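Dear colleague,

I am handing over the structure we spoke about, with the sequence alongside. Please look through it before reading the notes that follow.

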Amino acid sequence: MAKNERLLTETELELMTILWRRGEGSVNDVLAALPAGRDLAYTSVSTILRILEQKGAVRTRKEGRGHVYTPALKKSDYETEAVRHVVDKVFDGTPLELVKALIDRGGLSAQEIEEMRELLRGGKT
């Protein structure tokens, strides 16, 4: 599967986040886990989950009359891929530029900056 096929749309990522948190779920489970006020139709969630299956992001198994979806893509793997994509496409392939942007634009707290320093020194956070 090509890398760009695994980049998720905003709604796909929203549903994947629910599955990553739950471990697995049916269409109804995913619908029930959506935030209050987030109205998606059953058919929309079902269609998006099938698209995620086609992309290789989820696996499905038949259970009763429905299907249960399980993440096939690890959250950590997707995070790595998404950050790599942002660094390549937005920051000209320079991770340091991403870090500078986070620091310069107030995207990191003092605590997070200190944790970064510790990581750079080779420590654990």
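In these notes a helix is a DSSP run of H or I with at least four residues, a strand is a DSSP run of E with at least two, and both are numbered from the N terminus. Please keep in mind that this is a predicted model.

With those terms in hand, the protein contains seven helices and two strands, and when it is read along the sequence these follow the pattern α-α-α-α-β-β-α-α-α.

As for overall dimensions, the C-alpha atoms of the protein fill a box of roughly 55 × 30 × 25 Å along the principal axes. The radius of gyration is 18 Å, whereas a compact globule of 125 residues would have a value near 14 Å.

Turning to the interior and the surface, buried residues account for 25% of the 125 residues, while the protein exposes about 8500 Å², of which carbon and sulfur atoms supply 51%. Of the contacts between residues at least 6 apart in sequence, 47% join residues that are at least 24 apart.

One residue deserves a separate look. Asp92 is found in the loop between helix H5 (75-90) and helix H6 (95-104), and its phi is near 50 degrees, which is a positive value in a residue other than glycine. Asp92 counts as exposed because its relative accessibility is 70%, and the cut-off for exposed is over 50%.

Key: Residues numbered from 1 in each chain as written. Predicted model: local features only at pLDDT ≥ 70, side-chain atom pairs only at ≥ 80, totals over all residues. Heavy atoms only, no water. Rg over C-alpha atoms; globule rule 2.2 N^0.38 Å. Buried < 20%, exposed > 50% of the residue type's maximum accessible area, 1.4 Å probe, protein only. Contact = heavy atoms within 4.5 Å. Areas by Shrake-Rupley, 256 points an atom, 1.4 Å probe, with all protein chains shown as cover.
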